[in-house]
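Welcome, and please take a first look at the sequence and the model shown here. The briefing below walks through them topic by topic.

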Amino acid sequence: MAKEKILELLNHALELEHAAFVQYLSHAEVVDGINAEPIIERLKEIADDENKHQEKFRTLIGLLGGVPSMGMAETHPAKSLDEILRVNLKDEKIAVDTYRKILEELSKDRGRGYYDFLLEHEVRHILMEEQEHITELELLLGIQGSSY
Ligand SMILES: [Fe+2]
Ligand SMILES: [Fe+2]
């Protein structure tokens with residue numbers, strides 16, 4: 001696959017991570033109520049994961065000779081805890097679908113160089129962490145295991 005196409009996909013991923021990071025931190029300030037503390041902590045911990053994902057994608061883009069985007073995908077405000085969990089669950093599923101597509105694209109034209117393996121490994125690792133976020137959000141929502 002052309003390097004430009006990979007860079008475009010990685011920059012889109014980076015913009016999703018920018019949005020996720022800001023969104024979790026904003027939502028952490030909105031959560032209110034009797035059980036708020038542990039949920040606020042958890043939202044901040046997930047934000048920390050998204051921050052690390054941003055750094056990973058930025059590094060990968062730089063290694064490929066690209067310019068990391070400073071843009072941000074759409075963010076989604078929410079008012080209640082239930083809405084916060086649902087909105088983020090939806091966005092995590094979009095991230096998983098997006099990263100699956102990137103892996104699919106990478107597998108179509110896989111080189112044998114170090115960067116090809118690194119790229120695939122890193123995207124797969126981030127994808128697994130988004131799947132963990134989905135599981136956590138579902139647990140907080142009281143939903144039993146999805147296929148994500
Ligand atoms: Fe992420
Ligand atoms: Fe996530």
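This is a predicted model: local features need pLDDT of at least 70, side-chain atom pairs count only at pLDDT 80 or more; totals for chains, interfaces and linings use all residues.

Residues are numbered from 1 along each chain as its sequence is written, and chains are lettered from A and ligands numbered from 1 in the order in which they are written.

**The chain as a whole**

- The protein chain has 4 helices and 0 strands (helices are DSSP runs of H or I with at least four residues, strands are runs of E with at least two, and both are numbered from the N terminus).
- Read from the N terminus, the order of elements is α-α-α-α.
- The radius of gyration of the protein chain is 16 Å, close to the 15 Å that the globule rule gives for 148 residues, so the chain is as compact as a globular protein of that length (the radius is taken over C-alpha atoms, and the rule is 2.2 Å times the number of residues to the power 0.38).
- Along its principal axes, the C-alpha trace of the protein chain spans about 55 × 30 × 20 Å.
- Of the 148 residues in the protein chain, 23% count as buried.
- Take the contacts in the protein chain between residues at least 6 apart in sequence: 77% of them join residues at least 24 apart (two residues are in contact if their C-beta atoms, placed from the backbone, lie within 7 Å).

**How the helices pack**

- Two packed helices are described by the angle between their axes and the distance between the axes.
- Helix α1 (residues 3–30) packs with helix α2 (residues 36–63) at an angle of about 160°, their axes being 8 Å apart (axes are lines fitted to C-alpha atoms, for helices over the stretch in contact, and angles run from 0 to 180 degrees between N-to-C directions).
- That makes α1 roughly antiparallel to α2 (angles over 145 degrees count as roughly antiparallel, under 35 as roughly parallel, 65 to 115 as roughly perpendicular and the rest as oblique).
- The crossing of α1 and α2 is left-handed (the near helix is turned anticlockwise from the far one by less than a right angle; clockwise would be right-handed).
- In the contact of α1 with α2 there are 16 nonpolar, 6 polar and 4 charged residues (Ala, Val, Leu, Ile, Met, Phe, Trp, Tyr, Cys and Pro count as nonpolar, Asp, Glu, Lys and Arg as charged, and the others, Gly among them, as polar).
- The axes of helix α3 (residues 81–108) and α4 come within 9 Å and cross at roughly 155°, and α3 and α4 are therefore roughly antiparallel to each other.
- The crossing of α3 and α4 is left-handed, and their contact has 16 nonpolar, 3 polar and 8 charged residues.

**Where α1 meets α3**

- The axes of α1 and α3 come within 11 Å and cross at roughly 165°, and these helices are therefore roughly antiparallel to each other.
- The crossing of α1 and α3 is left-handed.
- On the α1 side the contact includes L9, A20 and Y24, and on the α3 side it includes D91, A95 and Y99.
- By class, the contact of α1 with α3 has 10 nonpolar, 5 polar and 2 charged residues.

**Residues to look up**

- A20 lies in helix α1 and touches E50, D91 and A95, not counting residues up to four places away in sequence.
- A20 and T98 are 78 residues apart along the chain, and their C-alpha atoms are separated by 14 Å.
- V22 also lies in helix α1, and V22 is partly exposed, with 14 other C-beta atoms within 10 Å.
- Leaving aside neighbours within four places in sequence, V22 is in contact with M72 and T75; V22 and M72 are 50 residues apart in sequence and 9.4 Å apart in space, C-alpha to C-alpha.
- L63 lies in helix α2 and counts as exposed, with 12 C-beta neighbours inside 10 Å.
- R124 lies in helix α4 (residues 114–141) and counts as partly exposed, with 14 C-beta neighbours inside 10 Å.
- R124 and Y99 are 25 residues apart in sequence and 7.8 Å apart in space, C-alpha to C-alpha.

Note on methods
A residue is buried if 20 or more other C-beta atoms lie within 10 Å of its own, exposed if 12 or fewer, and partly exposed in between; C-beta atoms are placed from the backbone.
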